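Reader: I should like to learn how to read the features of a protein model. May we go through one together?

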Amino acid sequence: MPEPAATISTIAPGHPELIQGGMGVAVSDWRLARAVAVAGRNLGVRALGVVSGTGLPVMLVDRLQAGDCDAVRALNAFDPGIAREIMDEYFVEGPPAKRRGKLPPKPEVLITGNEATKARMLKLAVAAAYVEVWLAKEGHSGPIGINLLEKVQLMHLPVLLGAMMAGVDYVLVGAGIPYQVPAVLASYVRSEPASYRLDVSGAEDKHVLTLDPRDFLPEGESLRRPQFVLIASHHALAMRLAATVEVDGFVIEGPSAGGHNAPARGKLTGEDGQPIYGDRDRPDLGKIAELGKPFWLAGSYATAARLDEARALGAAGVQVGSAFALCNESGLRQDIKREIWKRIAAEALEVKTSATASPSGFPFQVVQLEGSLSEQRVYEARNRLCNMGHLVEAYQKDEGAGGGIGFRCPSEPVDAFVREGGTEASTVGKLCLCNGLGAAAGVQVPLRPR
Ligand SMILES: Cc1cc2nc3c(=O)[nH]c(=O)nc-3n(C[C@H](O)[C@H](O)[C@H](O)COP(=O)(O)O)c2cc1C
């Protein structure tokens, strides 16, 4: 997208008509979100740029190890003292060859780590979210949102705080039932401690994470509440959430949307392993409109004609992902984009919905490219590991294993997953999306076990 010379256009106030969907991890980084917001301002379109809120500590650490000056500038704007601590640990000045290849701690240390490790991880996560949103908002007045996956619960408290400290305008959450998010936003606005109940498989007790914003907020500073938008595939979830908590709008995503999709409600998969969606999966947009909040349609809505169609159905606009993932400013590696562009031009691009690939359990759209994990040969040669740990499942450990909470991922080594109480069957076909999407976004952290 060219950044037009500064022009001032009048934009009627109101919700965005175009949302650039959040795309993890770092496919929609601050550069893309900023470019969308700036282009919207300049072209007179109400456009919302959205950064991905997934894996942000990994991204920040990777950038610092590449001597990224933008990240350093934003870190210093956050808190010079915390910036110094983080820089001492990760910053590498000079050519990328000098990278230390160091990973940040896994999010699970917020439960399993000692107090010092927990504090270090919290600082890194709050700072990483601040950096991403601050850079996306720098130098223009267009709106910026952050996208979270409900399933990645460990990071919600610090990421929401960092994003709000940087003035995020919208928080968009999908991949689960994010009923706890509005209370977190409200607590932060009141400068009070926020809590988040963690889903722990097999646990009877409640496990609650807490974070006090006053540990990070400068004296006398208060936070503004961003709009909270639920991303759902069906009216049932939208209605359920709207009946219980404060939701400001809905993105209704169909099964052709890039990234994760909702599981099919009827027959789960066809002979080629792809989910089969039917009438029961179709949302009733009338019921959504009755909720009286703005909504946006997503999944193959990247044309003017489809925007008109969405509006005719009562939507405020559309959310678009894949087209933005392929534009110059996205975090996707240029060589991958070039290959995909070539295939689109030749009408030879193949995208399959895999019912098994994602550790999250949701169907996931995989572009079929030679040399990538979409090829069985490459998949089988892969070294299974879990070194980033953002899509893990929390589980209750047996007393025999010492009790407490453990974390497992079905794409880690099979024997480790089974030892942790997982089933071998659920490891079949699983990809490590932390590394897979990270590598597709050019992250250089090492692909080796800790
Ligand atoms: C590479 C990629 C990654 C995505 N990651 C996320 C994500 O992390 N969270 C999310 O809510 N949606 C994610 N999406 C979905 C988009 O935000 C958007 O809703 C979807 O792509 C819209 O459909 P379209 O691709 O047909 O335009 C992703 C999409 C793509 C293409």
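Reader: How much accessible surface does the protein chain have, and what percentage of that surface belongs to carbon and sulfur atoms?

Author: Please keep in mind that this is a predicted model. The accessible surface of the protein chain comes to about 19900 Å². Carbon and sulfur atoms account for 53% of that surface.

Reader: What does the radius of gyration say about the protein chain?

Author: One compares the value with that of a compact globule. For 450 residues such a globule would have a radius of gyration near 22 Å, and the protein chain has 21 Å, so the two agree. Along the principal axes, the C-alpha trace spans about 60 × 60 × 50 Å.

Reader: How many helices and strands does the protein chain have, and what share of its residues is buried?

Author: The secondary structure comprises 16 helices and 14 strands. Of the 450 residues, 52% are buried. As for contacts with a separation of 6 or more, 66% are made by residues 24 or more positions apart.

Reader: How should I check the span of helix α1?

Author: A helix is expected to span 1.5 Å a residue, counted over one less than its number of residues. Helix α1 covers residues 30-43, and its 14 residues should therefore span 20 Å; the end C-alpha atoms are 20 Å apart, which agrees. After α1 comes Gly-44, whose phi is positive, near 75 degrees.

Reader: Is α1 mostly covered or mostly uncovered?

Author: It is mostly covered, since "buried" applies to 10 of the 14 residues in α1. Among them are Trp-30, Leu-32, Val-36 and Asn-42.

Reader: Why does His-235 count as buried, and which residues does it touch?

Author: The cut-off for buried is under 20% relative accessible area. His-235 has 13% relative accessibility and therefore counts as buried. This residue is found in helix α9, residues 235-244. Leaving aside residues up to four places away in sequence, His-235 touches Arg-282, Pro-283, Asp-284, Lys-287 and Ile-288.

Reader: Why does Val-418 count as partly exposed?

Author: Partly exposed lies between the buried limit of 20% and the exposed limit of 50%. Val-418 has 37% relative accessibility, and so it counts as partly exposed. Its place is in helix α15, residues 414-419. Beyond residues up to four places away in sequence, Val-418 touches Thr-423 and Glu-424.

Definitions and conventions: Residues numbered from 1 in each chain as written. Predicted model: local features only at pLDDT ≥ 70, side-chain atom pairs only at ≥ 80, totals over all residues. Heavy atoms only, no water. Helix = DSSP H or I, 4+ residues; strand = E, 2+ residues; numbered from the N terminus. Rg over C-alpha atoms; globule rule 2.2 N^0.38 Å. Buried < 20%, exposed > 50% of the residue type's maximum accessible area, 1.4 Å probe, protein only. Contact = heavy atoms within 4.5 Å. Areas by Shrake-Rupley, 256 points an atom, 1.4 Å probe, with all protein chains shown as cover.
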